[in-house]
Amino acid sequence: MAQYLPSDQLYEPQREEPTATFQVIHIGEGVQVASSAESGSHPQEFITSQNNKLSVAAWIVLGGTMILMISLYALLAIPTLLVSLWLGAAVLPTFLVYLWVVVPFKGNPQLSLSFIIEQLGLGAYPAFILALFVEVGLSIGLQSLLGFDMSSASEQIFRNPLSIDEALRDKLWQLLLFYFLNAMVVAAFVEETVKYILALRHRKLVISPGIKGIIGCSVCGALGLAGMEHLFYCLNFLLSSDWLTAVLSGFFRAIIAFWLHCLTGFFIGLRRARVDILGDSLSYFSVIWLPVLVHGTMDFTAFSLGTIFEDTWLVVLVPCLDIFLLSIFTWTTSMEYKSTSEREMELRYPQNVATEVPV
């Protein structure tokens, strides 16, 4: 969005200093200050403050979460200290990611605390439950379609590869096909679609929070989903192994899982910001195809290689490949965010864009 100087201003550039009048308008939870420049420029809108009074929905989310935590304390028949360590492994990563990612991306105007809590609750409860039921149904449907129990087949094929018969060996491609479809469609496509729906909630705001705010809205939904999923994985670790293994597994899983979910949520929010702020023409599939590809590839790696090398040291290949893939995705996302932010600055403050003078 370059501006060109007319020939009469080529050697004597003039800087216009418009005067402005301001009017305070109360809109919803925010206080809007509208400025109208006398020079005929378009009005610019700013938000000076925002009411952080919690809504009823936000209190319901907080109350439900407290009840869930207290129930886990009461139901788990292990000492309080161990429960605290386990809950730390299960819940602490959510707060750390919130402070590291969501707080810097509250937008301008900033997302209210009530909106953030509601978005986290939508991701943690209805979105997670919906995704869970859809994924379980699709997984059962895939097993029925392929005609045998995948769990028992994978155990016979990969854990005793020398003793299986030829008929079962021929079904290896079916097992890999199941892993692929389960990773790409059942897990990745369903979860990234849920995150996309959660990212659209920024449209309910009275005033657009800008690119950062839309990204923050999307990351909040993804963080709620990731936090509840991680809590259930940690519960499964605790029920299937000793408490020390459960705590360590919870912390190590958090490194990859939260990185993946929040990064794909960031990318989806960034693409939606390009559509809603910059006016780019991006379809639903243009927004989610890369998050689905990255998410599905990581899950397929975990399902297949994780099963094959489960009892060997080669299992470390799985997190190494995940970190490598996430590093590349992080770099590409940061490059797109940088270019998108520059376009937003040009759109908001065109007077600060370097002028191009024809020779």
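Residues are classed here as buried under 20% relative accessible area, exposed over 50% and partly exposed in between, with a 1.4 Å probe and protein chains only. By this scheme D276, at 30% relative accessibility, counts as partly exposed. The model is a predicted one, in which local features need pLDDT of at least 70 and side-chain atom pairs count only at pLDDT 80 or more, whereas totals for chains, interfaces and linings use all residues. Residues are numbered from 1 along each chain as its sequence is written, and side-chain values use heavy atoms, with hydrogens and water left out.

The protein chain contains 10 helices and 3 strands, where helices (H or I, at least four residues) and strands (E, at least two) are DSSP runs numbered from the N terminus. Read from the N terminus, the order of these elements is β-β-β-α-α-α-α-α-α-α-α-α-α. Of the 359 residues in the protein chain, 42% are buried, and the chain exposes about 20,000 Å², of which carbon and sulfur atoms supply 67%; these accessible areas come from the Shrake-Rupley method with a 1.4 Å probe, and for residues only the protein chains shown count as cover. With contact taken as heavy atoms within 4.5 Å, 73% of the contacts between residues at least 6 apart in sequence join residues at least 24 apart.

Apart from neighbours within four places in sequence, Y337 is in contact with F105, I211, K212, I215, F266 and L270.

Q119, in helix 3, is buried with a relative accessible area of 0%. Leaving out residues up to four places away in sequence, Q119 touches L198, A199, R201, C217, C220 and G221. A polar atom of the Q119 side chain lies 3.0 Å from the backbone oxygen of C217.

When a disulfide is defined as a pair of cysteine sulfur atoms within 2.5 Å, the count comes to 0 disulfides. C220 is accordingly in no disulfide, the nearest cysteine sulfur being that of C217 at 7.0 Å. C220 is buried, with a relative accessible area of 1%, and C234 is likewise buried, at 0%.

D276 is found in helix 8 and touches H202, R203 and I214, not counting residues up to four places away in sequence. Its C-alpha atom is separated by 9.9 Å from that of L200, 76 residues apart along the chain. V56, in helix 1 (residues 56-75), is exposed, with a relative accessible area of 65%. The C-alpha atoms of V56 and S114, 58 residues apart in sequence, are 8.9 Å apart in space.

The unreviewed UniProt entry places the feature "transmembrane region" at residues 56-78, 84-103, 172-190, 211-239, 251-270, 282-306 and 312-333; the positions are given in the numbering used here, feature names are shortened, and annotations may be inferred rather than shown by experiment. In the model, residues 282-306 are 92% helix and 0% strand, with end C-alpha atoms 36 Å apart. Residues 312-333 are 77% helix and 0% strand, and their end C-alpha atoms lie 34 Å apart.

Conventions:
A polar contact is a pair of N or O atoms within 3.5 Å; within protein, one must be able to donate a hydrogen and the other to accept it, and residues adjacent in sequence count only if both atoms are side-chain atoms.
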